[in-house]
Amino acid sequence: MNEMLRRFGLCALAFACAPALAADWAMDAAGSRLEFIATFERAAAPGVFKEFDTRLRFDPDKPAGGSLDVAVKVTSVDMNIADVNKEIRGKDWFDYGAFPQAEFRSTDLRRAEGNRYVARGTLSLKGVKQPLEVPFSWVGSADGATMEGELTLKRGAFGIGTGEWAVSDVIGADVKVKFRVKLRKAG
Amino acid sequence: MLRNDADAWGAPAKLLHWAMAALILVQIALGVMAVAWRLSPTKLNLYFWHKSTGMLLLALLVLRLGWRLANRAPALPGGLPAWERSAAHAGHALLYVLMAALPVTGWIVNAAANIPLRIFGVIPLPAIVAPDKALTDLAAWVHRGLFVLLALVLVAHIGAALRHHFVKRNSVLVRMLPGKWSRP
């Protein structure tokens, strides 16, 4: 009850209530990592988004009513190969100029079992919005919590690699995404 | 006949010679096309086949060197001037060195550029060096230089074999051909 009053009070002070943006967990960028593994001629080709931010409203005991908002600076992508990093800026790939940011938003968080949860939401990437389920594990600690998970995306669904690059025998169709997000209580 | 003797090459030595000869020609074509092609999936495929074939050639070279060390090489025909004998030995030694150095420098380029490779899509190739931009450029330059040298030595090798056959009329060329050949 006190918590509700406090929230209401803050909302009233700010003259705006945007529940999806309210976050009671903030990301510790130094301890967090968002990586992906593409494939090149059936060999793993890893990459990382160096800059992203996670805002989370979440009670592991009562996940309903929570929300997850992950903003990814697409232009911070690094595949650690100079020629590849140059190429993926272009229109056929991430198209830095038109789509510098990607976002995942969910207001539907559920417990799967034990410390495993699923966030159902929408991924906006390169101008395409697709429903997406993000599974994650939750481990709380004295100074915060860590959420970890992985999922597989079809790059073609988001137009990552268009035109002649759409064929999947050289650059594979599936891209595995892995994340480890370190969170601390905000405020 | 499996083993080499004083006059003839055994079947394994001939097989390795001609299999590698054919693969080296394919390899040169793949490499030249990969460099020339505009950036596209086809270019990446050409590099993939070039790199895979290069590692196959390196494996075959190890077999071939082992076989060569375990067997004597047939003697050169009698009556050759000393400079021709020296040139033949030096040319063959240089071919062996180039057949090792080309795949190894290619491997260094691939690893230094941090490019993942599964040979023929099957065997993961370990990185021979850590990622390094300067080393990538250096090794690529050496790789291309060695290729030019190989092309020159191959022309000399084929030219010398033909000269032995058509000018000097000895058995140096025919004794490397499959089956049993002799010339009166």
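This is a predicted model: local features need pLDDT of at least 70, side-chain atom pairs count only at pLDDT 80 or more; totals for chains, interfaces and linings use all residues.
In chain B, 62% of the contacts with a separation of 6 or more are between residues 24 or more positions apart.

Chain B contains four helices and two strands. Followed along the sequence, these elements come in the order α-α-α-β-β-α. The C-alpha trace of chain B spans about 55 × 30 × 25 Å along its principal axes. Chain B has 184 residues, and 20% of them count as buried.

The helices of chain B can be taken in pairs. Consider H1(B) and H2(B) to begin with. Helix H1 of chain B covers residues 11-36, and helix H2 of chain B covers residues 41-70. The two helices pack with their axes 9 Å apart and at an angle of about 155 degrees. H1(B) is therefore roughly antiparallel to H2(B), because an angle over 145 degrees counts as roughly antiparallel. The crossing of H1(B) with H2(B) is left-handed. Sorted by class, the residues in the contact of these two helices are 19 nonpolar, five polar and two charged.

What angle do the axes of H3(B) and H4(B) make where they cross? Helix H3 of chain B runs over residues 82-112 and helix H4 of chain B over residues 133-167; their axes cross at roughly 155 degrees and come within 9 Å. The consequence is that H3(B) and H4(B) are roughly antiparallel to each other. H3(B) and H4(B) also make a left-handed crossing. In the contact of H3(B) with H4(B) there are 18 nonpolar residues, six polar residues and no charged ones.

B:Ala36 lies in helix H1 of chain B, which is made up of residues 11-36. Is B:Ala36 buried or exposed? B:Ala36 has 9 other C-beta atoms within 10 Å and is therefore exposed, because a residue with 12 or fewer such neighbours counts as exposed. From B:Ala36 to B:Lys180 the distance is 42 Å, C-alpha to C-alpha, and the two residues are 144 residues apart in sequence.

Chain A has two helices and eleven strands. Its order along the sequence is α-β-β-β-β-β-β-α-β-β-β-β-β. Of its 187 residues, 24% count as buried. Among the contacts in chain A between residues at least 6 apart in sequence, 57% join residues at least 24 apart.

Several strands of chain A can be followed through their pairings, including E5(A), which covers residues 67-73. E5(A) is joined by six bridges to strand E7 of chain A, residues 101-113, and the two strands run antiparallel. One of the positions to look at is A:Val72, whose bridge partner in E7(A) is A:Ala102.

E7(A) also pairs with E8(A), in the antiparallel sense and over nine bridges. Here A:Ser106 has A:Gly121 in E8(A) as its bridge partner. E7(A) and E8(A) form a hairpin with two residues between the strands, and A:Gly114 takes a positive phi near 55 degrees there.

The next pairing is that of E8(A) with E9(A). Strand E8 of chain A is residues 116-125 and strand E9 of chain A is residues 128-141; they pair in the antiparallel sense over ten bridges. A:Ala119 has A:Val134 in E9(A) as its bridge partner. These two strands form a hairpin with two residues between them, and A:Lys126 in the turn has a positive phi of about 50 degrees.

E9(A) pairs in turn with strand E10 of chain A, residues 144-154, in the antiparallel sense over five bridges. In this pairing A:Ser137 stands opposite A:Glu148 in E10(A). A hairpin with two residues between the strands is formed by E9(A) and E10(A).

What remains is the contact of the two chains. How many residues does each chain bring to the contact? Chain B gives 15 residues and chain A gives 13 residues. On the side of chain B that touches chain A, the largest share, four residues, comes from helix H2 of chain B. By class, that side of chain B has nine nonpolar, four polar and two charged residues.

Notes: Residues are numbered from 1 along each chain as its sequence is written. Chains are lettered from A and ligands numbered from 1 in the order in which they are written. Two strands pair if DSSP finds at least two bridges between them. Axes are lines fitted to C-alpha atoms, for helices over the stretch in contact, and angles run from 0 to 180 degrees between N-to-C directions. Angles under 35 degrees count as roughly parallel, over 145 as roughly antiparallel, 65 to 115 as roughly perpendicular and the rest as oblique. A crossing is left-handed if the near helix is turned anticlockwise from the far one by less than a right angle, and right-handed if clockwise. Ala, Val, Leu, Ile, Met, Phe, Trp, Tyr, Cys and Pro count as nonpolar, Asp, Glu, Lys and Arg as charged, and the others, Gly among them, as polar. Two residues are in contact if their C-beta atoms, placed from the backbone, lie within 7 Å.
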